[in-house]
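Thanks for coming, everyone. I'd like to walk you through some side-chain features today, so let me put the sequence and the structure up on the screen.

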Amino acid sequence: MKTPGKRMSIVVSDKSIKEAMERIYFLALTLSFVMGKTVVKPNCLWRVLNKRTFTSLSVVNRRPPEITNFTQKDLVNPDDVKSESFELPCGAAGTNLSWTWKHNDTELTSFRGSLHYFLNKDGTLIGKKLSSQHSGTYQCIVKDKDTKIEVFSRKVTVFITVHGEFIDSSSKNVTVDLGKPFRLHCPKHTAGFGTVYIWVKPSNIHFSRNEGRGISPNGTLFIANLTQKDIDEVNDGGIMCRIRAGSTFEDSGKLSLEKNPLQKDPGTPVTLSWAAVPAVDELAIEGRRKILYCFANGRPTPEITWKKNGQQIVNGQNSFEIPRHYYGHRLIITNVNRESHQDVYTCEANNSRGNVYPMVRTINLEVKVPPRWNDNPPPSEMSIIIDKNETIECQVVADPVAAILWYKNGVHLQSSSDRIIADGSKLHLRNVNLTDEGVYQCAVENQYGMIVSATWVQVKAWKPSFNNRHFGPFHLLHGHEGRLHCNPNAEPRPKFQWFVNGVQISDGAVNSRYRLLLDGILVIKTVDKDKDAVNYTCNAVNMMGKASATTSFPLLYCYILVLPFFVKKPRNQTVLEKGTTVFYCNANGHPLPNITWVKDGETFGHGSTLRFETTWRGQSGRYWCRAQNGLNVVINASAFLNVQCKYPTYSGLKPNSILQCNAAGLFAHFQGRSG
């Protein structure tokens with residue numbers, strides 16, 4: 001029972017409506033062969049149904065969104081993000097687009113009134129007043145608001161350059177021994193990123209590095225052997241550990257040094273020892289920066305040498321830097337490359353005492369590789385003919401092995417079907433149809449990075465057309481099987497109907513002379529020259545439309561070919577010499593045969609008649625009538641010509657040789673003169 005004032009609504013998806021309309025249109029086209037009615041095209045029918053509710057096919061089939069400008073490098077170096085702000089572009093091509101950003105896989109839902117994030121109209125994400133909590137991955141998603149098709153960028157890693165804060169900023173006094181190695185840790189502080197550590201005096205003057213002083217990447221102050229000069233310089237107002245990030249910094253409390261007033265520097269040599277060294281096994285990430293730091297204690301002050309696989313490293317070559325103001329303690333690889341930099345390194349310390357064997361620290365540097373394309377990324381566009389197969393390949397290099405996921409229009413293809421098969425780095429598309437159009441993305445990710453491709457797959461289908469396609473003339477051989485080909489340009493493959501002089505052929509009829517093949521070929525089981533020289537029409541229809549082609553004289557028609565056959569054959573003849581001789585030979589067929597007369601391999605004439613006005617004995621022999629009409633069949637008929645001498649010999653018998661005949665003729669001649 002209906003409730004007064006209420007209306008029932010049925011919600012259906014755009015996709016289901018579109019698929020239903022395509023099926024209805026295909027059935028309507030098929031019925032139109034019989035009914036002879038005009039069929040409304042699917043895009044018209046789509047719009048007629050409900051303009052306010054459904055998207056027209058012209059919108060559905062427009063170019064999908066495409067991300068055209070996105071940063072290709074992670075922002076992981078201290079200089080990449082300065083002043084606690086960044087700009088991440090996400091330029092895109094398309095129509096009626098919207099942008100969404102994710103931070104650490106969580107959507108940034110509100111930009112209005114946000115203190116940290118702003119979204120420009122072109123999709124650029126702007127970050128301001130950022131802290132360490134804003135570090136992580138950022139990903140851009142672009143959507144066509146009409147078609148709902150989405151594409152997404154790779155995840156870019158961003159480290160915000162911020163300094164930590166000191167937990168205890170009180171001043172401290174440290175007890176020391178002259179002539180001994182000395183280290184002073186930067187006081188405890190919260191974590192930061194991209195920070196630079198220096199030690200300064202209250203007057204903002206640096207407590208500078210030198211051959212015997214060093215500051216490690218984590219801020220520890222090293223002195224190879226402590227001197228009274230070092231103590232005096234520190235105690236002149238004290239020193240502070242400064243953590244600097246971009247244009248901001250944080251200072252610790254003052255630190256001073258205290259020694260026993262009666263203690264003097266003994267001046268004795270100090271054995272070499274390591275104060276700071278890299279780990280035995282170090283990791284680096286391809287495309288990023290890597291820093292190795294060594295500091296050695298000893299008196300005299302040790303010197304540091306860096307080697308790779310036993311060869312001394314030269315500053316400025318192969319992305320290696322050994323900054324002078326670090327006095328050799330720091331080795332920087334500015335842009336790590338696995339092929340160039342994964343190797344065995346040594347940090348060697350020696351001093352002026354001339355030690356034969358330096359102190360050596362061996363480091364095995366292993367380079368991990370974020371995903372990168374093995375050769376080229378998948379194509380940005382791919383056209384596939386409907387009902388055909390294609391494969392999208394996503395060949396990458398990564399260490400550790402990366403996970404590969406496939407998406408269509410922004411939706412993860414979680415499981416394979418019979419037609420769309422995700423097979424690791426390959427996506428197989430089988431027997432594609434119009435619903436398979438869209439943007440397919442390959443997302444490759446390991447713990448060190450991510451890359452993404454986008455391939456716009458267009459499924460090509462078109463109605464049958466006979467333009468630039470041959471339809472006839474057909475050449476059929478009388479008495480043999482005949483085949484008429486109907487091969488329009490069409491995708492998907494159409495269904496076919498054949499007509500003879502306007503009457504439809506049905507191969508299901510009892511004792512039918514015809515057979516229809518699925519590929520559009522009409523088979524005439526036995527060609528009859530009197531029945532089959534007619535006009536033929538082929539109709540072709542698929543889901544996109546229909547077309548027909550008809551044979552029509554004189555341009556396109558059906559040739560019935562007939563093999564040559566003899567109507568009249570030549571007959572043997574016996575004639576007297578010097579008489580007239582005529583052979584007759586007649587042949588028929590289609591095309592009309594050509595006749596050639598041959599004797600002993602030599603051609604004597606052409607046509608249906610072979611005539612000798614004056615016959616002589618040398619022309620005796622077998623003559624062949626040969627007929628052919630271009631159908632690779634030659635027929636032959638022969639007759640024998642016997643030419644006899646008309647003069648009798650003395651014995652009254654006919655001469656049996658030319659010589660005897662000539663003698664008889666000469667005798668007859670003289671006998672006539674004497675008479």
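Okay, disulfides: there are six of them in this structure, where a disulfide means a pair of cysteine sulfur atoms within 2.5 Å. Before I go on, this is a predicted model, so local features need pLDDT of at least 70 and side-chain atom pairs count only at pLDDT 80 or more, while totals for chains, interfaces and linings use all residues. Residues are numbered from 1 along each chain as its sequence is written, and side-chain values use heavy atoms, with hydrogens and water left out.

Let me start with Cys 394, which is joined to Cys 442, S to S 1.9 Å. This link is left-handed, with -85° about the S-S bond. Cys 394 sits in the loop between β30 (390–393) and β31 (396–399), and Cys 442 is in strand β36 (residues 438–446), so the pair ties together parts 48 residues apart in sequence.

On to another one, Cys 486 with Cys 538, S to S 1.9 Å. The torsion about the S-S bond of Cys 486 and Cys 538 is about -90°, so that disulfide is left-handed. Here, distant parts of the chain are linked: Cys 486 is in the loop between β40 (482–484) and β41 (489–491), Cys 538 is in strand β46 (residues 536–542), and they are 52 residues apart. Cys 486 is buried at 3% relative accessible area, and Cys 538 is buried at 0%.

Then there's Cys 585 and Cys 625, with sulfur atoms 2.0 Å apart. What's the handedness of the Cys 585 and Cys 625 disulfide? The torsion about its S-S bond is about -80°, so it's left-handed. Cys 585 is in the loop between β50 (581–584) and β51 (586–590), with Cys 625 in strand β55 (residues 621–628), so parts 40 residues apart in sequence get tied together.

Now aromatics. We have 14 aromatic pairs, meaning rings of Phe, Tyr and Trp (its six-membered ring) with centres within 6.5 Å; planes under 30 degrees apart are stacked, over 60 edge-to-face, and the rest tilted. Take Phe 222 and Phe 295: the ring centres are 5.3 Å apart and the planes at 20°, so this pair is stacked. Phe 222 is in strand β15 (residues 221–223) and Phe 295 in strand β22 (residues 295–299), 73 residues apart. Phe 222 is buried at 3%, and Phe 295 is buried at 0%. Elsewhere, Phe 583, Trp 597, Phe 604, Phe 612 and Tyr 623 form one aromatic cluster.

Last stop, Thr 615, in the loop between β54 (609–612) and β55. Is Thr 615 buried or exposed? Buried, with a relative accessible area of 0%. Its side chain makes a polar contact with the side chain of Thr 581 at 2.8 Å (a pair of N or O atoms within 3.5 Å; within protein, one must be able to donate a hydrogen and the other to accept it, and residues adjacent in sequence count only if both atoms are side-chain atoms). The backbone oxygen of Gly 579 lies 2.8 Å from a polar atom of the Thr 615 side chain.

Terms used
Helix = DSSP H or I, 4+ residues; strand = E, 2+ residues; numbered from the N terminus. Buried < 20%, exposed > 50% of the residue type's maximum accessible area, 1.4 Å probe, protein only.
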